[in-house]
Amino acid sequence: MQLIYAPTSPFSRKVRVLASETGMLPRLQLIETAVLPVTLNERVNTLNPLGKIPVLMLDGGEVLYDSRVICEYLDSLHDRPKLFPVEPTRRWKTLRLAALADGVMEAAVITRYERAARPVERQWDDWIDGQLGKVRRALRALNDDSEALRGQLDIAQIGIACALGYLDFRFPELNWRNEFPALVTFQEALLQRESMQLSKPV
């Protein structure tokens, strides 16, 4: 299988971490690319009409996207403990928390695009503040949910760790570690995992 990804993308990192944790990483051929909202990537656009990464090309030629679909597919292929819970009560809470982590990534990525790809004179500060407000509200909710930050590793914890890693990488000025001590403890533990170390953006 071929995984088309960008090493700085938190969504791509989420897939790579899950693949590593499930033993699926050796089955993936990693193909690095870049995607920007103002620069067409014809190969990615052909595979995913939304022009987003990551994209997984299966051996039979079928294509999967987005990161959550890819992660759940890979999680279905191994015999280790599942990272997408099956038991209904735990499953729905985990998926909700995973969606919250994805929302943090999405708000942060589009804010990064606003700052890096749009000319300074055309950037909209109120819009940026609105996106970063989403990030802070989500982090506060995650920080206050002690159950989400402990227990068996799952897709929500992977998503949270990748979202926090992206904030560290692209938004150090947010100083989220000063506000959310439970997330700091959680992140420091997750960063010790080989899967997180191997996928660290540089």
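Is Asn175 buried, partly exposed or exposed? Asn175 is partly exposed, with a relative accessible area of 42%. Here buried means under 20% relative accessible area, exposed means over 50%, and partly exposed is in between, using a 1.4 Å probe and protein chains only.

This is a predicted model, in which local features need pLDDT of at least 70, side-chain atom pairs count only at pLDDT 80 or more, and totals for chains, interfaces and linings use all residues. Residues are numbered from 1 along each chain as its sequence is written, and side-chain values use heavy atoms, with hydrogens and water left out.

**The sheet**

Helices (H or I, at least four residues) and strands (E, at least two) are DSSP runs, numbered from the N terminus. Four strands build an open sheet in the order β2-β1-β3-β4, and the pairing is mixed. Two strands pair if DSSP finds at least two bridges between them. The edge strands are β2 (29-32) and β4 (63-64), each of which pairs on one side only. Strand β1 (residues 2-5) runs parallel to β2, and 4 bridges join them. Ile4 has Ile31 in β2 as its bridge partner. Helix α3 packs on this sheet and touches β1, β3 (55-57) and β4. The direction of α3 makes about 40° with that of β3.

Next comes the loop between β1 and α1, which holds Ala6. Ala6 is buried, at 10% relative accessible area. Ala6 and Glu32 are 26 residues apart in sequence, but their C-alpha atoms are 5.4 Å apart in space. Contact means heavy atoms within 4.5 Å. Leaving aside neighbours within four places in sequence, Ala6 is in contact with Ser12, Thr33 and Ile53.

**Helix against helix**

Two packed helices are described by the angle between their axes and the distance between the axes. Axes are lines fitted to C-alpha atoms, for helices over the stretch in contact, and angles run from 0 to 180 degrees between N-to-C directions.

| Helix pair | Angle | Axis distance |
|---|---|---|
| α5 (residues 125-144) and α7 (residues 181-190) | about 75° | 8 Å |
| α1 (residues 10-21) and α4 | about 145° | 10 Å |

How are α5 and α7 oriented to each other? They pack at about 75°, and α5 and α7 are therefore roughly perpendicular. Angles under 35 degrees count as roughly parallel, over 145 as roughly antiparallel, 65 to 115 as roughly perpendicular and the rest as oblique. Leu139, Leu142 and Asn143 in α5 meet Pro181, Ala182 and Leu183 in α7. The residues of this contact are 5 nonpolar, 1 polar and no charged. Ala, Val, Leu, Ile, Met, Phe, Trp, Tyr, Cys and Pro count as nonpolar, Asp, Glu, Lys and Arg as charged, and the others, Gly among them, as polar.

Now take α1 and α4. Pro10, Phe11 and Lys14 in α1 meet Asp102, Met105, Glu106 and Val109 in α4. The contact of α1 with α4 has 4 nonpolar, no polar and 3 charged residues.

Helix α5 also holds Gln131. Gln131 is buried, at 8% relative accessibility. Residues up to four places away in sequence aside, Gln131 touches Ala107, Ile110 and Thr111.

**Loops and backbone**

Pro85 sits in the loop between α3 (67-75) and α4 (88-117). Pro85 is buried, with a relative accessible area of 4%. Its contacts, not counting residues up to four places away in sequence, are Arg90, Arg91 and Thr94. Pro85 and Leu95 are 10 residues apart along the chain, and their C-alpha atoms are separated by 8.8 Å.

Where are the cis peptide bonds listed here? One runs from Ile53 to Pro54, with omega near 5°. Pro54 is in the loop between α2 (42-47) and β3. Another joins Tyr65 and Asp66, with omega about 5°. Asp66 is in the loop between β4 and α3.

Back to Asn175. This residue lies in the loop between α6 (155-170) and α7. Asn175 is not a glycine, yet its phi is positive, about 50°.

**Cysteines**

How many disulfides does the structure hold? It holds 0 disulfides. A disulfide is a pair of cysteine sulfur atoms within 2.5 Å. The closest cysteine sulfur to that of Cys71 is in Cys162, 8.4 Å away, which is too far for a bond. Cys71 is buried, at 0% relative accessible area. Cys162 also counts as buried, at 1% relative accessibility.
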